[in-house]
Amino acid sequence: GSSSRARGDKPDALAALQAANEELRAKLTDIQIELQQEKSKVSKLEREKNQEVKQIKEHEQHKSTVVVTELKVKLHEDKMKELQAVRETLLRQHEAELLRVIKIKDNEIQRLQTLLNAVRDGAPDKVKTVLLSEAKEEAKKGFEVEKIKMQQEISELKGAKKQVEEALTMVIQADKMKAAEIRSVYHLHQEEITRIKRECEREIRRL
(Lines give C-alpha, C1' and ligand atoms only; values in the text may rest on other atoms or scores of the structure.)
Protein backbone atom coordinates (compact mmCIF):
# COMPACT_ATOMS: atom_id res chain seq x y z
CA GLY A 1 0.00 0.00 0.00
CA SER A 2 2.88 2.38 0.84
CA SER A 3 4.65 1.62 -2.50
CA SER A 4 1.38 2.37 -4.37
CA ARG A 5 1.14 5.76 -2.63
CA ALA A 6 4.77 6.58 -3.52
CA ARG A 7 4.08 5.83 -7.19
CA GLY A 8 1.02 8.06 -7.00
CA ASP A 9 2.96 10.99 -5.40
CA LYS A 10 5.73 10.89 -8.00
CA PRO A 11 3.62 12.02 -10.97
CA ASP A 12 2.11 14.77 -8.82
CA ALA A 13 5.54 16.11 -7.83
CA LEU A 14 6.70 15.94 -11.45
CA ALA A 15 3.60 17.80 -12.58
CA ALA A 16 4.22 20.44 -9.89
CA LEU A 17 7.82 20.86 -11.02
CA GLN A 18 6.73 21.19 -14.64
CA ALA A 19 4.09 23.74 -13.69
CA ALA A 20 6.66 25.73 -11.67
CA ASN A 21 9.08 25.51 -14.57
CA GLU A 22 6.45 26.79 -16.99
CA GLU A 23 5.61 29.60 -14.63
CA LEU A 24 9.30 30.58 -14.37
CA ARG A 25 9.62 30.47 -18.16
CA ALA A 26 6.56 32.69 -18.49
CA LYS A 27 8.00 35.16 -15.95
CA LEU A 28 11.35 35.13 -17.75
CA THR A 29 9.61 35.82 -21.05
CA ASP A 30 7.72 38.73 -19.45
CA ILE A 31 10.95 40.12 -17.99
CA GLN A 32 12.70 39.84 -21.37
CA ILE A 33 9.80 41.64 -23.06
CA GLU A 34 9.83 44.37 -20.39
CA LEU A 35 13.61 44.66 -20.71
CA GLN A 36 13.30 45.11 -24.45
CA GLN A 37 10.64 47.77 -23.88
CA GLU A 38 12.90 49.61 -21.42
CA LYS A 39 15.76 49.47 -23.93
CA SER A 40 13.45 50.97 -26.54
CA LYS A 41 12.46 53.70 -24.08
CA VAL A 42 16.12 54.49 -23.36
CA SER A 43 16.91 54.66 -27.07
CA LYS A 44 13.93 56.94 -27.60
CA LEU A 45 15.02 59.19 -24.71
CA GLU A 46 18.55 59.37 -26.12
CA ARG A 47 17.20 60.35 -29.55
CA GLU A 48 14.93 62.97 -28.00
CA LYS A 49 17.75 64.39 -25.89
CA ASN A 50 20.12 64.49 -28.85
CA GLN A 51 17.46 66.29 -30.87
CA GLU A 52 16.85 68.71 -27.99
CA VAL A 53 20.58 69.43 -27.61
CA LYS A 54 20.83 69.99 -31.35
CA GLN A 55 17.90 72.41 -31.27
CA ILE A 56 19.39 74.25 -28.29
CA LYS A 57 22.74 74.53 -30.08
CA GLU A 58 21.06 75.89 -33.20
CA HIS A 59 19.00 78.30 -31.09
CA GLU A 60 22.08 79.55 -29.21
CA GLN A 61 24.00 79.92 -32.47
CA HIS A 62 21.10 81.93 -33.87
CA LYS A 63 21.04 84.10 -30.74
CA SER A 64 24.80 84.65 -31.05
CA THR A 65 24.37 85.63 -34.70
CA VAL A 66 21.60 88.06 -33.74
CA VAL A 67 23.74 89.61 -31.00
CA VAL A 68 26.73 90.02 -33.32
CA THR A 69 24.46 91.53 -35.99
CA GLU A 70 22.98 93.96 -33.45
CA LEU A 71 26.49 94.94 -32.34
CA LYS A 72 27.51 95.52 -35.96
CA VAL A 73 24.42 97.67 -36.52
CA LYS A 74 25.15 99.62 -33.34
CA LEU A 75 28.77 100.10 -34.41
CA HIS A 76 27.57 101.32 -37.80
CA GLU A 77 25.12 103.75 -36.15
CA ASP A 78 27.83 104.99 -33.79
CA LYS A 79 30.19 105.41 -36.72
CA MET A 80 27.56 107.39 -38.63
CA LYS A 81 27.01 109.60 -35.58
CA GLU A 82 30.74 110.05 -35.29
CA LEU A 83 30.99 110.97 -38.99
CA GLN A 84 28.17 113.47 -38.57
CA ALA A 85 29.95 115.01 -35.59
CA VAL A 86 33.20 115.14 -37.57
CA ARG A 87 31.34 116.76 -40.51
CA GLU A 88 29.87 119.41 -38.23
CA THR A 89 33.25 119.99 -36.65
CA LEU A 90 34.84 120.39 -40.08
CA LEU A 91 32.15 122.88 -41.08
CA ARG A 92 32.81 124.92 -37.95
CA GLN A 93 36.54 124.72 -38.60
CA HIS A 94 35.97 125.81 -42.21
CA GLU A 95 33.92 128.80 -41.06
CA ALA A 96 36.60 129.67 -38.51
CA GLU A 97 39.25 129.30 -41.23
CA LEU A 98 37.33 131.66 -43.50
CA LEU A 99 37.09 134.23 -40.72
CA ARG A 100 40.81 133.79 -40.07
CA VAL A 101 41.64 134.30 -43.75
CA ILE A 102 39.44 137.39 -43.91
CA LYS A 103 41.19 138.77 -40.84
CA ILE A 104 44.59 138.00 -42.39
CA LYS A 105 43.59 139.78 -45.60
CA ASP A 106 42.42 142.80 -43.63
CA ASN A 107 45.75 142.87 -41.76
CA GLU A 108 47.58 142.50 -45.09
CA ILE A 109 45.71 145.47 -46.50
CA GLN A 110 46.55 147.51 -43.43
CA ARG A 111 50.20 146.44 -43.69
CA LEU A 112 50.41 147.44 -47.34
CA GLN A 113 48.74 150.72 -46.57
CA THR A 114 51.30 151.38 -43.80
CA LEU A 115 54.17 150.52 -46.18
CA LEU A 116 52.71 152.75 -48.86
CA ASN A 117 52.44 155.63 -46.41
CA ALA A 118 56.04 155.04 -45.27
CA VAL A 119 57.30 155.05 -48.87
CA ARG A 120 55.39 158.25 -49.56
CA ASP A 121 56.95 159.82 -46.47
CA GLY A 122 60.44 158.80 -47.78
CA ALA A 123 61.59 156.84 -44.74
CA PRO A 124 63.44 153.62 -45.96
CA ASP A 125 64.67 152.68 -42.47
CA LYS A 126 61.14 152.79 -41.19
CA VAL A 127 60.00 150.53 -44.07
CA LYS A 128 62.81 148.05 -43.30
CA THR A 129 61.88 147.95 -39.61
CA VAL A 130 58.21 147.39 -40.40
CA LEU A 131 58.98 144.58 -42.89
CA LEU A 132 61.31 142.80 -40.44
CA SER A 133 58.79 143.04 -37.61
CA GLU A 134 56.02 141.70 -39.84
CA ALA A 135 58.19 138.81 -41.07
CA LYS A 136 58.90 137.75 -37.47
CA GLU A 137 55.23 138.01 -36.54
CA GLU A 138 54.13 135.95 -39.57
CA ALA A 139 56.71 133.24 -38.80
CA LYS A 140 55.49 133.06 -35.19
CA LYS A 141 51.83 132.86 -36.26
CA GLY A 142 52.60 130.15 -38.83
CA PHE A 143 54.39 128.05 -36.22
CA GLU A 144 51.52 128.41 -33.72
CA VAL A 145 48.93 127.47 -36.36
CA GLU A 146 50.85 124.33 -37.38
CA LYS A 147 51.34 123.39 -33.72
CA ILE A 148 47.61 123.69 -32.99
CA LYS A 149 46.71 121.66 -36.09
CA MET A 150 49.09 118.87 -35.13
CA GLN A 151 47.72 118.77 -31.57
CA GLN A 152 44.16 118.55 -32.89
CA GLU A 153 45.06 115.73 -35.28
CA ILE A 154 46.81 113.77 -32.49
CA SER A 155 43.80 114.22 -30.19
CA GLU A 156 41.35 113.07 -32.92
CA LEU A 157 43.47 110.01 -33.72
CA LYS A 158 43.62 109.03 -30.04
CA GLY A 159 39.85 109.37 -29.71
CA ALA A 160 39.17 107.26 -32.83
CA LYS A 161 41.61 104.59 -31.67
CA LYS A 162 39.94 104.41 -28.24
CA GLN A 163 36.46 104.02 -29.77
CA VAL A 164 37.60 101.22 -32.08
CA GLU A 165 39.30 99.38 -29.19
CA GLU A 166 36.18 99.69 -27.00
CA ALA A 167 33.91 98.37 -29.79
CA LEU A 168 36.26 95.45 -30.45
CA THR A 169 36.36 94.61 -26.74
CA MET A 170 32.54 94.58 -26.59
CA VAL A 171 32.29 92.18 -29.55
CA ILE A 172 34.94 89.82 -28.11
CA GLN A 173 33.26 89.80 -24.67
CA ALA A 174 29.84 89.09 -26.21
CA ASP A 175 31.27 86.18 -28.25
CA LYS A 176 32.98 84.73 -25.15
CA MET A 177 29.79 84.99 -23.07
CA LYS A 178 27.68 83.27 -25.73
CA ALA A 179 30.26 80.51 -26.21
CA ALA A 180 30.39 79.88 -22.45
CA GLU A 181 26.59 79.79 -22.28
CA ILE A 182 26.39 77.27 -25.12
CA ARG A 183 29.01 75.05 -23.45
CA SER A 184 27.15 75.23 -20.14
CA VAL A 185 23.82 74.22 -21.71
CA TYR A 186 25.49 71.38 -23.61
CA HIS A 187 27.16 70.00 -20.44
CA LEU A 188 23.90 70.22 -18.50
CA HIS A 189 22.08 68.19 -21.13
CA GLN A 190 24.92 65.66 -21.29
CA GLU A 191 24.67 65.21 -17.51
CA GLU A 192 20.89 64.81 -17.79
CA ILE A 193 21.28 62.12 -20.48
CA THR A 194 23.88 60.31 -18.33
CA ARG A 195 21.58 60.46 -15.30
CA ILE A 196 18.63 59.05 -17.28
CA LYS A 197 20.84 56.25 -18.63
CA ARG A 198 21.97 55.33 -15.10
CA GLU A 199 18.39 55.34 -13.85
CA CYS A 200 17.28 53.12 -16.74
CA GLU A 201 20.18 50.74 -16.16
CA ARG A 202 19.36 50.51 -12.44
CA GLU A 203 15.71 49.89 -13.25
CA ILE A 204 16.65 47.21 -15.80
CA ARG A 205 18.94 45.47 -13.28
CA ARG A 206 16.21 45.67 -10.69
CA LEU A 207 13.75 44.04 -13.08
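A residue counts as buried under 20% relative accessible area, as exposed over 50%, and as partly exposed in between. Keep these cut-offs in mind during the tour of this predicted model.

Start by selecting Lys-27 and Glu-23. The two form a salt bridge, with the closest N and O atoms 3.8 Å apart. Both sit in helix 1, which covers residues 2–121, and because they are four residues apart there, about one helical turn separates them. Lys-27 has a relative accessibility of 46%, so it is partly exposed. Glu-23, at 49%, is partly exposed too.

Stay in helix 1 and select Asp-78 and Lys-74. Here a salt bridge brings the closest N and O atoms to 3.2 Å. These residues are again four apart in the helix, which means a separation of about one helical turn. Asp-78 is partly exposed at 34% relative accessibility, and Lys-74 is partly exposed at 41%.

Next, go to helix 2, residues 124–206, and select Glu-203 and Arg-206; they are three residues apart, about one turn of the helix. Their side chains meet in a salt bridge with an N to O distance of 2.3 Å. Is Arg-206 buried or exposed? Its relative accessible area is 59%, so Arg-206 is exposed. Glu-203, with 31%, is partly exposed.

For the last stop, select Glu-192, Arg-195 and Glu-199 together. Salt bridges link these three residues in a network.

How many salt bridges are there in the whole structure? A search finds 13, among them the one between Lys-27 and Glu-23.

Conventions:
Residues numbered from 1 in each chain as written. Predicted model: local features only at pLDDT ≥ 70, side-chain atom pairs only at ≥ 80, totals over all residues. Heavy atoms only, no water. Salt bridge = Lys/Arg side-chain N within 4 Å of Asp/Glu carboxyl O. Helix = DSSP H or I, 4+ residues; strand = E, 2+ residues; numbered from the N terminus. Buried < 20%, exposed > 50% of the residue type's maximum accessible area, 1.4 Å probe, protein only.
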